[in-house]
Amino acid sequence: MAEGVIVTVEIPGGTQEQYEESTRLIQAAEWFPPEGFIAHAAGPDGSGGWRIVDVFESEQHFFDFMEKARPILERTGTPQIIPSVQQAVNVIVRPEPK
């Protein structure tokens, strides 16, 4: 059981191709995984854009990540993101197999 923040990122007009290329480049960066990162999920938002849901240890960790990721998102032509941050009361992740 852990606490943190849930960050929902809406990317109106974002495409799967932009998402996949951005993710590939972010995961290849020397700073990945970013400090405070817990979990990530993404998919189409049902209205022609893209939605990402991340969990970080704190809001500051997310904003620090965005500073590093911003040049990559610009490079891939990802439209402006709209983040929403809310406190997580509980975060459960599947344990690694023993």
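What covers the buried residues of α1? In this predicted model, the cover includes strands β2 (37–44) and β3 (50–56) together with helix α2 (59–75).

**Helix α1**

- Helix α1 runs over residues 16–28, which gives it 13 residues. From its first C-alpha to its last it reaches 18 Å, close to the 18 Å expected at 1.5 Å a residue.
- The buried residues in α1 include Q18, Y19, S22, L25 and I26. They sit on the same side of α1 because they cover an arc of only 140° around the axis.
- Turned away from that buried side is a face of α1 that carries the exposed residues E17 and A28.

**Aromatic pairs**

- The aromatic pairs number 8. One of them joins W31 and F65 edge-to-face, at 5.9 Å centre to centre and with 65° between the planes.
- W31 lies in the loop between α1 and β2 while F65 belongs to helix α2, so this pair ties together parts that are 34 residues apart in sequence. Both W31 and F65 are buried.
- F37 and F56 also pair edge-to-face, because their ring centres are 5.8 Å apart and their planes are at 75°. This pair links distant parts of the chain, with F37 in strand β2 and F56 in strand β3, 19 residues apart.
- F37 is partly exposed, at a relative accessible area of 29%, whereas F56 counts as buried, at 0% relative accessibility.

**Aromatic cluster**

- W31, F32, F37, F56, F62, F63 and F65 form one aromatic cluster.

How values were computed:
Residues numbered from 1 in each chain as written. Predicted model: local features only at pLDDT ≥ 70, side-chain atom pairs only at ≥ 80, totals over all residues. Heavy atoms only, no water. Helix = DSSP H or I, 4+ residues; strand = E, 2+ residues; numbered from the N terminus. Expected span 1.5 Å × (residues − 1). Buried < 20%, exposed > 50% of the residue type's maximum accessible area, 1.4 Å probe, protein only. Arc of directions from axis to C-beta. Contact = heavy atoms within 4.5 Å. Phe/Tyr/Trp six-rings, centres within 6.5 Å; stacked < 30°, edge-to-face > 60°.
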